[in-house]
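This report describes one protein, beginning with the whole chain and then turning to one part of it.

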Amino acid sequence: MKSVALFVAPLFVAACASGPPLDTRYTSAGQDSRVQFLVLHFTSSDFPSALHALTQGEVSAHYLVRDDPPTVYRLVDENRRAWHAGRSAWLGWANLNEGSIGIEIVNRGTELGDWQPYPDAQIDVVVALAKDIVKRHGIRPERIVGHSDIAPQRKLDPGPRFPWKRLADAGLIPWPDSKEVARRRRAFEQQLPEVEWFQRMLARHGFAVPVNGSLDEETVNVIAAFQMKYRPARFDGLPDAETAALVDVLVNP
Ligand SMILES: [Zn+2]
């Protein structure tokens with residue numbers, strides 16, 4: 001009966017206000033979403049200020065996740081570009097506004113002095129929203145990143161209090177196996193790799209980082225960004241055995 005129903009159905013011809021009529025009967029197999037990345041931010045301000053900035057200013061994001069009550073606001077349609085990433089790079093891609101969805105999470109950062117925690121209920125909402133976006137667009141785990149990952153020379157958000165492990169537990173991002181990290185850490189404690197090794201590994205992980213063997217300011221900022229995500233207890237940007245083990249396990253699981 002299905003074929004009969006298809007046979008008698010009228011051709012679906014839609015007319016746009018300005019373009020020619022479109023026949024949408026056929027669909028190409030070769031296609032995917034333009035959205036390749038999901039980028040997480042904090043607002044570094046309270047909700048009213050963030051809402052004002054994101055709706056009235058130049059900077060924008062697809063979603064704004066309020067803290068109290070945890071609420072998701074959609075400010076830009078996913079089919080359109082929001083201006084949240086700025087100058088940025090990850091895994092060899094540049095200017096990630098082009099192919100990303102941006103989520104701004106209300107969190108005051110260091111506005112009040114110390115880093116502000118994220119309420120569990122707010123993270124529950126972020127995880128649910130991220131899962132839905134990732135599923136619909138087929139975004140790969142290594143492409144779910146923080147602003148500090150893609151712009152480590154300029155940005156610290158979503159900051160060291162953002163619980164990335166919760167996203168890993170939800171199957172959203174890669175997370176290094178802790179036993180394997182402990183095992184390799186012991187080896188790295190015997191001999192810490194050269195700075196150039198850290199640079200190469202962090203580049204393979206996704207960062208835009210110089211590979212020059214020098215612990216320069218850019219390299220320190222990239223190491224600090226990595227530590228903020230995977231070892232937030234200390235993010236001084238200095239190479240150490242635990243950092244080496246974490247990036248080694250992530251790059252070579
Ligand atoms: Zn940001």
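Counting contacts between residues at least 6 apart in sequence, 62% join residues at least 24 apart. The model is predicted. Its secondary structure consists of nine helices and nine strands. Along the principal axes, the C-alpha atoms fill a box of roughly 75 × 40 × 30 Å.

## Surface and charge

The protein has 253 residues, and 44% of them count as buried. It exposes about 14,000 Å², of which carbon and sulfur atoms supply 52%.

There are 29 positive and 31 negative side chains. The centres of these two sets lie 6 Å apart.

## Helix 7

Helix 7 covers residues 195-205. Its buried residues are Val195, Phe198, Gln199, Met201, Leu202 and His205. The cover over them includes strand 6 (89-90), helix 8 (217-230) and helix 9 (241-251).

After helix 7 comes glycine 206, with a positive phi near 145 degrees.

## Phenylalanine 226

Phenylalanine 226 belongs to helix 8. Its relative accessible area is 2%, so it counts as buried, the cut-off being under 20%.

Leaving aside residues up to four places away in sequence, phenylalanine 226 touches Leu202, His205, Phe207, Arg231, Thr243, Leu246, Val247 and Leu250. Leu202 and His205 are among the buried residues of helix 7. Between phenylalanine 226 and proline 193 there are 17 Å from C-alpha to C-alpha, and the two are 33 residues apart in sequence.

Technical notes
Residues are numbered from 1 along each chain as its sequence is written. This is a predicted model: local features need pLDDT of at least 70, side-chain atom pairs count only at pLDDT 80 or more; totals for chains, interfaces and linings use all residues. Side-chain values use heavy atoms; hydrogens and water are left out. Helices (H or I, at least four residues) and strands (E, at least two) are DSSP runs, numbered from the N terminus. Buried means under 20% relative accessible area, exposed over 50%, partly exposed in between (1.4 Å probe, protein chains only). Contact means heavy atoms within 4.5 Å. Accessible areas come from the Shrake-Rupley method with a 1.4 Å probe; for residues, only the protein chains shown count as cover. Lys and Arg count as positive and Asp and Glu as negative; His and the chain ends are not counted. The place of a charge is taken as NZ of Lys, CZ of Arg, CG of Asp or CD of Glu.
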